Amino acid sequence: EKIRLTPMMFDFLEISGNYKQENDLREEYFLWSTNIAQHKNHKKAFEALLSYYEAGGRLSCVVTGANTGLLDIQISDKQLEENLNPYVRELREIIRQNGDLKKRLIIKGNLPKKQYGKVLSKAKFVFHPGFADNGNGTAIDAACLGIPTICSDYPAMRYVDQYIGLGIHFFNPFDEKSIAEMLEKAE
């Protein structure tokens with residue numbers, strides 16, 4: 001009786017021909033829009049990505065979002081010292097130790113809206129392995145551009161999918177095999 005569901009509020013990505021222009025990426029890729037919070041499920045996602053690449057996955061993974069530039073191992077730990085918490089250090093070490101991740105992750109960091117739109121417009125699909133939060137607006141942006149999304153199955157994203165009718169393909173966020181299989185299907 002005391003709970004009220006408010007309408008979803010978000011900004012749609014402004015669609016224009018500008019997004020179909022070239023960006024600086026030449027390889028085929030999918031987009032992983034994330035941040036560096038633990039509920040974004042990076043470790044399971046990395047395990048799934050490694051399985052996907054070991055099985056012959058051919059698409060690179062472009063990573064963008066708030067503070068994701070901290071995952072760029074081309075920047076030394078020393079340069080980032082004050083910004084590296086233990087979780088980010090662990091993620092950087094996982095990338096450092098895995099050749100496929102070093103080779104296939106393209107860390108773009110937080111992008112201005114126009115550049116983000118250009119990168120998103122060329123993505124084959126959007127990857128959202130997080131297991132909790134209030135939903136991922138990138139799935140909505142992707143749908144505006146006709147790009148599919150594969151996503152962890154959790155209530156907020158189920159609601160977004162049903163409310164807007166995005167046609168999201170869901171996977172179990174706690175099972176790297178389920179995630180890797182969905183990556184292969186999406187490719």
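**Ground rules**

I number residues from 1 along each chain as its sequence is written, and I work with side-chain values from heavy atoms, with hydrogens and water left out. Since this is a predicted model, local features need pLDDT of at least 70 and side-chain atom pairs count only at pLDDT 80 or more, while totals for chains, interfaces and linings use all residues.

I call a residue buried under 20% relative accessible area, exposed over 50%, and partly exposed in between, with a 1.4 Å probe and protein chains only.

**Entry 1: strands 1, 2 and 3**

I began with how the strands are joined. Strands 1 and 2 run parallel, and 5 bridges join them. I count two strands as paired if DSSP finds at least two bridges between them. Strand 2 also pairs with strand 3 (residues 105–109) in the parallel sense, over 4 bridges.

I then followed V63 of strand 2. W32 stands opposite V63, and in strand 3 the bridge partner of V63 is I107.

I looked up the handedness next. Strand 1, helix 1 and strand 2 make a right-handed β-α-β unit. Right-handed here means that, with the strands pointing away from the viewer, the path from the first strand over the helix to the second runs clockwise.

How many residues of strand 2 are buried? In strand 2 (residues 60–64), 5 of its 5 residues are. In a regular strand the side chains alternate between the two faces of the sheet. I checked both sides of strand 2: S60, V62 and T64 are buried on one, C61 and V63 on the other.

**Entry 2: aromatic rings**

I searched for ring pairs, meaning rings of Phe, Tyr and Trp (its six-membered ring) with centres within 6.5 Å; planes under 30 degrees apart count as stacked, over 60 as edge-to-face and the rest as tilted. I got 9 aromatic pairs. One of them is W32 with F46, edge-to-face, at 5.9 Å centre to centre and 80° between the planes. This pair links distant parts of the chain: W32 is in strand 1 (residues 29–33) and F46 in helix 1 (residues 42–54), 14 residues apart.

Are W32 and F46 buried or exposed? W32 counts as buried because its relative accessibility is 1%, and F46 is buried at 2%. Ring pairs link both into a cluster with F30, Y52, Y53, F125, F127 and F171.

I also noted a charge over a ring (NZ of Lys or CZ of Arg within 6 Å of the ring centre and within 35 degrees of the ring normal). The charged end of R158 sits over the ring of F170, 3.9 Å from its centre.

I150 lies in strand 5 (residues 149–152) and is buried, at 2% relative accessible area. I listed its contacts (heavy atoms within 4.5 Å). Leaving aside neighbours within four places in sequence, I150 is in contact with residues including F125, F127, H169, F171 and M182.

For helix 5 (residues 113–121), I found these buried residues: Y116, G117, K118, V119, L120 and S121. What covers them includes strand 1, strand 2, strand 4 (126–128) and helix 6 (137–144).

**Entry 3: cysteines**

How many disulfides does the structure hold? I found 0, a disulfide being a pair of cysteine sulfur atoms within 2.5 Å. For C61, the nearest cysteine sulfur is that of C151, 14 Å away. C61 is buried, with a relative accessible area of 0%. For C144, the nearest cysteine sulfur is also that of C151, 16 Å away. C144 is partly exposed, at 25%.

**Entry 4: loop residues**

Most residues other than glycine have a negative phi, and most peptide bonds are trans. I noted N41, with phi near 65°. N41 is found in the loop between strand 1 and helix 1 and is buried, at 6%. N67 has phi near 65° and is found in the loop between strand 2 and helix 2 (77–80).

K40 also lies in the loop between strand 1 and helix 1. Its relative accessibility is 8%, so I log K40 as buried. Not counting residues up to four places away in sequence, K40 touches W32, T34, N35, H128, P129, G130 and D133.

Key: Helix = DSSP H or I, 4+ residues; strand = E, 2+ residues; numbered from the N terminus.
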